[in-house]
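User: Hey, I'm new to this one. Could you walk me through it?
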Amino acid sequence: MELSQLPLVLLLISHIHSGHTEETSKAKVSIKPAQHVFRGDTVTLRCDIDGEGVTSWEYRWYKDGAFYNSSELQEHTFRFVTESDAGKYSCYGAERGGSRTSNISDAVTLTVSQRPKAKVSIKPAQHVFRGETVTLRCDIDGEGVTSWQYRWYKDGSFYNSSELQEHTFSPVTESVAGEHSCYGVERGGSRSSKHSDEVTLTVSDRAQTVLSVSPQKWLTEGDPVTLICEVHGNSTGWTFSWYTLIVSPDNKYHFQLLSDSSRVAGGNYTVSSAALKHTGVYVCRAERGEPAYNTTISNTQPVWVTGVSPPVSLIISPSRTQHFTLVSLSLSCEDQSNSDRWRVKRYTDSEQLEDCSSSVWGSQTGSTCTINSTITSDTGVYWCQSESGENYHPVNITVHCESVHPYLFHWQFTINASSWLIKQEQKASVGKKHSIGRQYKKTSVIKYKNLL
């Protein structure tokens, strides 16, 4: 037995063998604000004794069975409690100016723990977009506290207090962006947590998706291809969908969802073995959150698949390796049954998906598309589309601005040679005749260009 505990033991023995006939009062210890407190809190221990006839007590305090304080005050206060103050506390009273004493109280445990620190989390992400639903959550792992009042700060300034652990902005705007923090105060008590670290919430304009193709957009039948959809500047928590872009005869766009791509968690859509029917123009979109927030439709991305034996062939007339402006061009979809149910589609260099039956650039009769007068913006990829929407035999057509034919080369050479002879004949003449020769050459070249 420790010597420090001896006085308490002797006190107990004295009460057991006391010859007093009257009932001895018993002390009782209470702790405020609670038996479980955080380091740095102010804690008050109080010794209550219901002893009739005693008007003034000397209060004697014990911690873990060892005496440590005596006072005329009924309360003993720790202004800045630490873990070293934790323990089992008891007390008894001795009559001041008299001989009577109370029984010693039951021991009451004081627990002192590290003050918990709040933590802020943001869903769906710290970087969000205008119009999304954003939820901030304040987590506090504080033992002994069952109910918190949560207080929120933005850029160091208080803006909200709530019994709810989560605070939601719906829809979120740029004004909400900033450094957010929180802390908790015990409801119905005096304990509080530490302030959380600040967490940055960034709010940008509408989310943009970007679609790319790997390894390349021109494929041979059987090649693998991957459509890669990314949200510009942000990659957290999105699900993705891919679509084929369809244009009607009146040039109105429609998006047809790829049946096996809806709400894919990853940003890649892979076709392990490309078929001829996979020729087409694709877009993608992403969404996240509840309720769902959708990004804009991505840029268009074409995929062209060629094969040895397509069910239909796109025949171009005149058949050239190069095509030029201001000429007529015929494109015919020909299959073994000579069907007239094919339509000619095109995707131009300016990323426009168009139907030949549009009155703007072409006309379709049966399965033949005719461009009456080509221009450079007709450059693009042309293909045949079936009634069911399957695309076949893509062909790249480039329209050049000028058509330079061999006989025109000869004509220009003759003009230039004549001009040179004239200049040579006039070389000895005055400057006036020499300038006439240069003017003749210039005029001849201008007339040549106007014929193109």
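**Around L314**

User: What is L314 in contact with, leaving aside neighbours within four places in sequence?
Analyst: L314 is in contact with L331, S332, C333, V344, Y382, W383, C384, H393 and V395, where contact means heavy atoms within 4.5 Å. This is a predicted model, so local features need pLDDT of at least 70, side-chain atom pairs count only at pLDDT 80 or more, and totals for chains, interfaces and linings use all residues. Residues are numbered from 1 along each chain as its sequence is written, and side-chain values use heavy atoms, with hydrogens and water left out.

User: Which residues touch the most other members of the largest nonpolar core?
Analyst: L314 is one of them, along with L227, W238, W242, L331, Y382 and I397, in a core of 41 residues. A nonpolar core is a set of buried Ala, Val, Leu, Ile, Met, Phe, Trp, Tyr and Cys residues joined through side-chain atoms within 4.5 Å; buried means under 20% relative accessible area with a 1.4 Å probe, protein chains only.

User: And which strand gives the most to this core?
Analyst: Strand β19, residues 225-231, with four residues. Strands are DSSP runs of E, at least two residues long.

User: New topic: where is T325?
Analyst: T325 sits in the loop between β27 (323-324) and β28 (329-334). Not counting residues up to four places away in sequence, T325 touches T374, I375, T376, V399, H400 and C401.

User: How far is a polar atom of the T325 side chain from the backbone oxygen of C401?
Analyst: That distance is 2.7 Å.

User: How much of the protein chain is buried?
Analyst: Of its 452 residues, 41% count as buried.

Notes:
Buried < 20%, exposed > 50% of the residue type's maximum accessible area, 1.4 Å probe, protein only. Polar contact = N/O pair within 3.5 Å; in protein donor to acceptor, adjacent residues only side chain to side chain.
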